[in-house]
Amino acid sequence: MDDTTDDLGGILDGLLGSGTAAAGGEPSTSVVVLIGITLLSVAPALMLMMTSFTKIFVVLSMTRNALGLNTMPPNQVLAGLTLFLSLFIMWPVLTEVNTVAVQPYLDGSLTFGQAVDAALQPLGAFMLSHTREEDLALMSRAGGVPNPANPSEVPIQTLVPAFMISELRAAFIIGFVIFVPFLVIDLVVSASLMAMGMMMLPPVMVSLPFKILLFVLVDGWGLLVTNLVGSYT
């Protein structure tokens, strides 16, 4: 990951070096504003690719589908809950990024390229700790490059897609476990309606209240949040 970040840092230093103030080496206000606007424009992509957002959102969406509620809670509510859970999980990493990269850059002790390198270290460590070696090998083979000798040498362009594949795999496993009890309820209700000769009554209308009741009785939201947060600790 060092070679890639060094190249990226050199390019960014060349682009932004002219906007750095001469006195004390601190970045000028215009450069800081430009960087802030750029980060805001790419923040959604970074949130999806380099944090726990994707896994949490997929699990919550699959839970909604398992309950048979296609639009409740709405996507805005799920996205909001996912966002704040992701911030909760990523807070130690974001704090470290602020300490080792953002504040030194604003103080002028680091160039922009050096700040990018420093910020990628804690993010890379977080992604590596939640990425399977099989997925890293898969992306390395897909890119036609040899497997790295150790995890610290994984380039960022290989680590990010491997991390996302691992997150999606974990989300689908959790979703399967969530679907099983609700599937059992659907099967029991369908068999009961068939036995009573009530074939014209949609089974989902009968099973939906029971699935919601089961989800509430077992404190489904609490279990989901506890296990999702616990999977990153």
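I took buried to mean under 20% relative accessible area. By that cut-off Phe182 is buried, and Phe215 is buried too. I note that the model is predicted.

**Entry: helix 5 and helix 7**

I looked up how helix 5 (residues 112–129) packs on helix 7 (residues 156–195) and found an angle of about 40°, with the axes 10 Å apart. Helix 5 and helix 7 are therefore oblique to each other. I logged their crossing as left-handed.

I then listed the contact: Leu120, Gly124, Phe126, Met127 and Leu128 from helix 5 meet Ile156, Leu159, Val160 and Phe163 from helix 7. Sorted by type, the residues of this contact are eight nonpolar, one polar and no charged.

**Entry: aromatic pairs**

I found five aromatic pairs in the structure. Phe126 has 8% relative accessibility and so counts as buried. Tyr232, at 9% relative accessibility, counts as buried as well.

I next checked Phe182 and Phe215: the ring centres are 6.3 Å apart and the planes stand at 45°, so the pair is tilted. Phe182 is in helix 7 and Phe215 in helix 8 (residues 203–217), and the pair links distant parts of the chain, 33 residues apart.

**Entry: cluster**

Which residues form one aromatic cluster? I found Phe126, Phe163 and Tyr232 in it.

Definitions and conventions. Residues numbered from 1 in each chain as written. Predicted model: local features only at pLDDT ≥ 70, side-chain atom pairs only at ≥ 80, totals over all residues. Heavy atoms only, no water. Axes fitted to C-alpha atoms, helices over the stretch in contact; angles between N-to-C directions. Helix = DSSP H or I, 4+ residues; strand = E, 2+ residues; numbered from the N terminus. Parallel < 35°, antiparallel > 145°, perpendicular 65-115°, else oblique. Left-handed = near helix turned anticlockwise from the far one by under 90°. Contact = heavy atoms within 4.5 Å. Nonpolar A, V, L, I, M, F, W, Y, C, P; charged D, E, K, R; others polar. Phe/Tyr/Trp six-rings, centres within 6.5 Å; stacked < 30°, edge-to-face > 60°. Buried < 20%, exposed > 50% of the residue type's maximum accessible area, 1.4 Å probe, protein only.
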